[in-house]
Amino acid sequence: MAIKITDECINCGACEPECPNNAIYDAGAAWRFSDGTGLKGVIDFGDGNTLNAEETQAALSDDIYYIVPDKCTECVGFHDEPQCAAVCPVDCCVDDEDVRETKEELLAKKDWLHMNE
């Protein structure tokens, strides 16, 4: 599963620098798959969909910090626990019940995100 930031977020920004995948963005900020990862050029999602990793994507929230689920690995392969949740002063970084992944899937995602590094 991924982590999500709830609307209790106070926009302190403590979580953003802790993410090893650069999956956390400030409210209203655009994002790219290439940000903080080894992804470059055209990336293949394995389901027939492709995308340029440097292509700017629209912000997922204009109100609070947000986590891009496709870049979140819950820090698996980097840390023992999600670092965003560990540093959040208001405990608003929580499991995203809509995005469920096994440890193996999270490790595979980590490897995919950082394959060219």
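Select Cys15 to begin. In this predicted model, Cys15 is buried, with a relative accessible area of 9%; buried denotes under 20% relative accessible area, exposed over 50%, and partly exposed the range in between, with a 1.4 Å probe and protein chains only. From the sulfur of Cys15, the closest cysteine sulfur is that of Cys93, 4.9 Å away and too far for a bond. A disulfide is a pair of cysteine sulfur atoms within 2.5 Å, and a search of the whole structure finds zero of them. Cys88 is likewise in no disulfide, its nearest cysteine sulfur being that of Cys92 at 3.5 Å. Cys88 counts as buried, at 11% relative accessibility.

Residues are numbered from 1 along each chain as its sequence is written. Local features in this predicted model need pLDDT of at least 70 and side-chain atom pairs count only at pLDDT 80 or more, whereas totals for chains, interfaces and linings use all residues; side-chain values use heavy atoms, with hydrogens and water left out.

Next, display the core around Cys15. A nonpolar core is a set of buried Ala, Val, Leu, Ile, Met, Phe, Trp, Tyr and Cys residues joined through side-chain atoms within 4.5 Å. The largest such core has 16 residues, of which Ile5, Cys15, Ile24, Ile67, Cys84 and Cys93 touch the most other members. Which residues does Cys84 touch, not counting those up to four places away in sequence? They are Ile3, Cys15, Ile24, Ile67 and Cys93, where contact means heavy atoms within 4.5 Å. A second, separate core of 11 residues includes Tyr25, Ile43, Tyr66 and Leu113. In soluble globular proteins, nonpolar side chains tend to be buried together.

Now select the aromatic rings. Rings of Phe, Tyr and Trp (its six-membered ring) pair if their centres lie within 6.5 Å; planes under 30 degrees apart count as stacked, over 60 as edge-to-face and the rest as tilted. The whole structure contains six aromatic pairs. One of them joins Phe33 and Phe45, edge-to-face because the planes stand at 65°, with the ring centres 5.4 Å apart. Phe33 lies in the loop between β2 (24-25) and β3 (42-44), and Phe45 in the loop between β3 and β4 (50-52), so that the pair links distant parts of the chain, 12 residues apart. Helices (H or I, at least four residues) and strands (E, at least two) are DSSP runs, numbered from the N terminus. Is Phe33 buried or exposed? Phe33 counts as buried at 2% relative accessibility, while Phe45 is partly exposed at 31%.

Phe45 also forms a tilted pair with Trp112, at 5.7 Å centre to centre and 50° between the planes. Trp112 belongs to helix α2 (residues 103-113), so this pair ties together parts that are 67 residues apart in sequence. Tyr25, Trp31, Phe33, Phe45, Tyr66 and Trp112 form one aromatic cluster.

Move on to Asn11, in the loop between β1 (3-5) and β2. Asn11 has a positive phi of about 55° although it is not a glycine, and counts as partly exposed at 34% relative accessibility. Asn22, in the loop between β1 and β2, has a positive phi of about 50°.

Finally, colour the model by pLDDT, the predictor's confidence in each residue, from 0 to 100. The protein averages 95, and 99% of the residues score at least 70. Confidence is lowest in β3, at a mean of 91, and highest in β2, at 98.
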